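Please report on the structure shown here.

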Amino acid sequence: MLYLFAFICILYFSKYFLLAVYSRRQKKNFLKNQQNKKECNTETLEEIALVKDSFRKKLSRWLNGYVQHELMMLGKIPSQKYRQFVLKKVYGMGIAKNVVIYGDFEIMAPWNITIDENTIIGNLSKLDGRNGLHIGKNVNIGMGVWIFTNQHDVDNPYFACRGGYVCIGDDRS
């Protein structure tokens, strides 16, 4: 029985170890792309269709989906301290003191998000850190607010993506 418990613990914590390694790698790639000033992927649909999926691309897509699933499940956990611990230590999200993140959130690319002191993120909020997101001090983001840093360009015939860094300043009141 003890061996079964140990095996389950190893599986559980190895999941967080793999998520932490993935998050650090994504953060490193993001910073490298920022230095090279790379734009969003603007491949046309024809170019995408012609590219044969390699194993590496398939694995990357699977990992992205798995990380997104784990982040969605994290938003359902009732313990706020546990959620913040995992976001900080596993995903590398910058969370300062006295930050409250309520449940049922959805977060994309938390390794590119920083939240300053005394900030509140409401229920059902969506935060997108794909191009970087900074939320200042004493900010209250209400229930159901969606903040995106990347979107599709409706004027582009191929519906290419575009986006940029989002910074929400400090509340001085």
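## Basis

Helices (H or I, at least four residues) and strands (E, at least two) are DSSP runs, numbered from the N terminus. This is a predicted model: local features need pLDDT of at least 70, side-chain atom pairs count only at pLDDT 80 or more, and totals for chains, interfaces and linings use all residues. Residues are numbered from 1 along each chain as its sequence is written, and side-chain values use heavy atoms, with hydrogens and water left out.

Strands pair if DSSP finds at least two bridges between them. Strand β5 (residues 120-121) pairs with β8 in the parallel sense over two bridges. Isoleucine 121 stands opposite isoleucine 141 in β8.

Another open sheet of three strands runs in the order β3-β6-β9, again with parallel pairing. Here β3 (106-108) and β9 (146-147) are the edge strands, and each pairs on one side only. β3 meets strand β6 (residues 126-128) over three parallel bridges. Methionine 108 has aspartate 128 as its bridge partner in β6.

Glutamine 68 lies in helix α3 (residues 55-74). Its relative accessibility is 27%, so glutamine 68 counts as partly exposed. For these labels, buried means under 20% relative accessible area, exposed over 50%, and partly exposed in between (1.4 Å probe, protein chains only).

## Surface patches

Patches are made of residues with over 30% relative accessible area and no salt bridge; like charges are joined within 9 Å, and nonpolar side chains (Val, Leu, Ile, Met, Phe, Trp, Tyr) within 5 Å. Accessible areas come from the Shrake-Rupley method with a 1.4 Å probe; for residues, only the protein chains shown count as cover. Met1, Leu4, Phe7, Ile8 and Leu11 form a nonpolar patch on the surface. Together they have about 590 Å² of accessible area. Leucine 4 lies in helix α1 (residues 2-36). It is partly exposed, at 48% relative accessible area.

A patch of positive charge gathers Arg25, Lys28, Lys32 and Arg56. Lys and Arg count as positive and Asp and Glu as negative; His and the chain ends are not counted. The place of a charge is taken as NZ of Lys, CZ of Arg, CG of Asp or CD of Glu. Helix α1 gives the most to the positive patch, with three residues. Lysine 28 is found in α1. At 62% relative accessibility, lysine 28 is exposed.

## Salt bridges

Side chains of opposite charge can pair when their charged atoms come close. The whole structure holds five salt bridges (a side-chain nitrogen of Lys or Arg within 4 Å of a carboxyl oxygen of Asp or Glu). One of them joins aspartate 104 to lysine 76, with the closest N and O atoms 3.1 Å apart. Aspartate 104 lies in the loop between β2 and β3 and lysine 76 in the loop between α3 and α4 (80-90), so the pair ties together parts 28 residues apart in sequence. Aspartate 104 is partly exposed, at 35%.

Glutamate 106 pairs with lysine 126 in a salt bridge, the closest N and O atoms being 3.8 Å apart. This pair links distant parts of the chain: glutamate 106 is in strand β3 and lysine 126 in strand β6, 20 residues apart. Glutamate 106 is partly exposed, with a relative accessible area of 30%.

Aspartate 153 and arginine 162 also meet in a salt bridge (3.8 Å, N to O). Is aspartate 153 buried or exposed? At 16% relative accessibility, aspartate 153 is buried. Arginine 162 is partly exposed, at 44%.

## Positive phi

Most residues other than glycine have a negative phi. Asparagine 118 is not a glycine, yet has a positive phi of about 55°. It is found in the loop between β4 (113-115) and β5. Asparagine 118 is partly exposed, at 36% relative accessibility.

Phenylalanine 159, not a glycine either, has a positive phi of about 55°. Its loop is the one between β10 (150-152) and β11 (161-163). Phenylalanine 159 is partly exposed, at 43% relative accessibility.
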